Amino acid sequence: MEKKRYFPNLNGIRCIAAMLVVFHHLEQAKHALGIANIYELPIIQHAGRLGVGLFFVLSGFLITYLLLEERGRFGDVDAKKFYLRRVFRIWPIYFLIIGLSFFVFPHIELMSFPGTDEKITVNAAERLTLLLLVLPNFAFVLYDLPYWCAQTWSIGVEEQFYYLWPWLIKYPKRRIPIILLFLGITAAILFIGLHYVNVDEETKSTMISTFLGQFRIQTMALGGLCAWLVYKQKTQILRVIFRKDLQIIVYTLLIALFISGIHFYGFLEVYALFFAFFILNVSCNPNTIVSLNNAVMNHLGKISYGLYLYHVAVIVFIINVLNKYLPNWTGTSYQIGLYVLTFIGSVAVASLSYSYFEKPLLAYKDKRFGR
């Protein structure tokens, strides 16, 4: 049986995505708490969305390749084992941060954040029901979420991608009815939620727009297309994508666009094309001009899921501690200190979680449900 393929640099990509989100949320929290910030800069505004977008394209790439590889090796996709692997990877710390946000953080003074009381008490049953059903993107759009766990909306989008994708790989000839059924169920859940939420029609329209803006299945599908190109060894296309001169042009354009902060219609889809190009090159091109393979980025990529879920709580805690115990610390040294402490704190919490909570579960899921 052929050996599973290993892709280098994927942890480096995860590291970049996680850091973009951390920077965005740190400036966002400072903005909400009235601390000097640069949150209004377009580059900061976009950083979080683009970090999540990079995660989405990477997720689509990796999951699709693994499913294609499984079908190639075994002649089929074991959907049950796929979902159990995802459950053991995603759910434990997802439910941990949800539990902490609703039942622990509200009672800790140093975790206080403006506007969270209402998000804990009003429509609490509806919020919690959607969160327990692992539909955090629906909960975010319909009821908003406490700041400590608001970032979980993207976990919902990923989960919904997982509900769809294995069946498309398993039954490629039935893809149209599968996609229609998936879209029908998704729309039904949203419209049932909109029926029960007590807001005016204009707000409901905004909610639908927000939901569609976040529901970036197409960016994950783009990652899936990249995986298909690699798995099927479409060398004519890949040879063009892997050209050194094209890499230089594309990366220069990407950096220029990102720094300029230009916002244009469908800009996340456009960036997804850049991300797809980037992922293909750093993971599959032996002549990539960018290498992310170093100990620091490997570690940060390995713990990136925890980093993504825990960092908001760490940010809130550190800002509150500094406000209480060092109220006169301001200026440039404060800003640098806040960034350093946020980074150290987030990495420490995510590393401990990975070593003592996630890793044993990952070992179990690979042993029990791996193929």
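Let's start with the cysteines. A search of the whole structure finds zero disulfides. The rule here asks for a pair of cysteine sulfur atoms within 2.5 Å. As a reminder, a disulfide is a covalent bond between the sulfur atoms of two cysteines. Look at Cys226. Cys226 is in no disulfide, and the nearest cysteine sulfur, that of Cys284, is 8.8 Å away. Cys226 is buried, with a relative accessible area of 5%. Cys149 is at 0%, so Cys149 counts as buried too. Buried means under 20% relative accessible area, exposed means over 50%, and partly exposed is in between, with a 1.4 Å probe and protein chains only.

Now a word on what you are looking at. This is a predicted model, in which local features need pLDDT of at least 70, side-chain atom pairs count only at pLDDT 80 or more, and totals for chains, interfaces and linings use all residues. Residues are numbered from 1 along each chain as its sequence is written, and side-chain values use heavy atoms, with hydrogens and water left out.

On to the rings. How many aromatic pairs does a search of the whole structure find? It finds 29. Rings of Phe, Tyr and Trp (its six-membered ring) pair if their centres lie within 6.5 Å; planes under 30 degrees apart are stacked, over 60 edge-to-face, and the rest tilted.

Take Phe7 and Tyr65. Their ring centres are 4.8 Å apart and their planes are at 85°, so this pair is edge-to-face. The pair links distant parts of the chain, 58 residues apart: Phe7 is in the segment before helix H1 (10-32), and Tyr65 is in helix H2 (residues 42-74). Helices here are DSSP runs (H or I, at least four residues), numbered from the N terminus. Phe7 has 6% relative accessibility, so Phe7 counts as buried. Tyr65 is also at 6%, and counts as buried.

Compare that with Phe161 and Tyr162. Here the centres are 6.1 Å apart and the planes are at 55°, so the pair is tilted. Phe161 and Tyr162 are both buried. They also belong to a cluster. Ring pairs link Phe82, Tyr83, Phe161, Tyr162, Tyr163, Trp165, Trp167 and Tyr171.

The rule: NZ of Lys or CZ of Arg lies within 6 Å of the ring centre and within 35 degrees of the ring normal. Arg86 lies over the face of Tyr162, at 5.3 Å from the ring centre. Arg174 lies over the face of Tyr171, at 4.8 Å from the ring centre.

Stay with Arg174 for a moment. Is Arg174 buried or exposed? At 51% relative accessibility, Arg174 counts as exposed. Find Arg174 in the loop between helix H7 (153-170) and helix H8 (175-196). Trp153 is 21 residues from Arg174 in sequence, and their C-alpha atoms are 29 Å apart in space.

Next, salt bridges. A salt bridge needs a side-chain nitrogen of Lys or Arg within 4 Å of a carboxyl oxygen of Asp or Glu. The count comes to eleven.

One of them joins Lys30 and Glu27, at 2.8 Å from N to O. These two are three residues apart in helix H1, so about one helical turn separates them.

Another joins Asp76 and Lys170, at 3.1 Å from N to O. Asp76 lies in the loop between H2 and helix H3 (79-103) and Lys170 lies in helix H7, so the pair ties together parts that are 94 residues apart in sequence. Asp76 is partly exposed at 34%. Lys170, at 19% relative accessibility, counts as buried.

Then come Arg89 and Glu358, also in a salt bridge, at 3.1 Å from N to O. Arg89 is in helix H3 and Glu358 is in helix H16, so this pair ties together parts that are 269 residues apart in sequence. Arg89 and Glu358 are both buried. There is also a network: salt bridges that share partners join Glu70, Arg85 and Arg371.

Last stop, helix H16 again. Phe343 has its place there, in residues 331-369. Phe343 is partly exposed, with a relative accessible area of 37%.

That's the tour. Questions, please.
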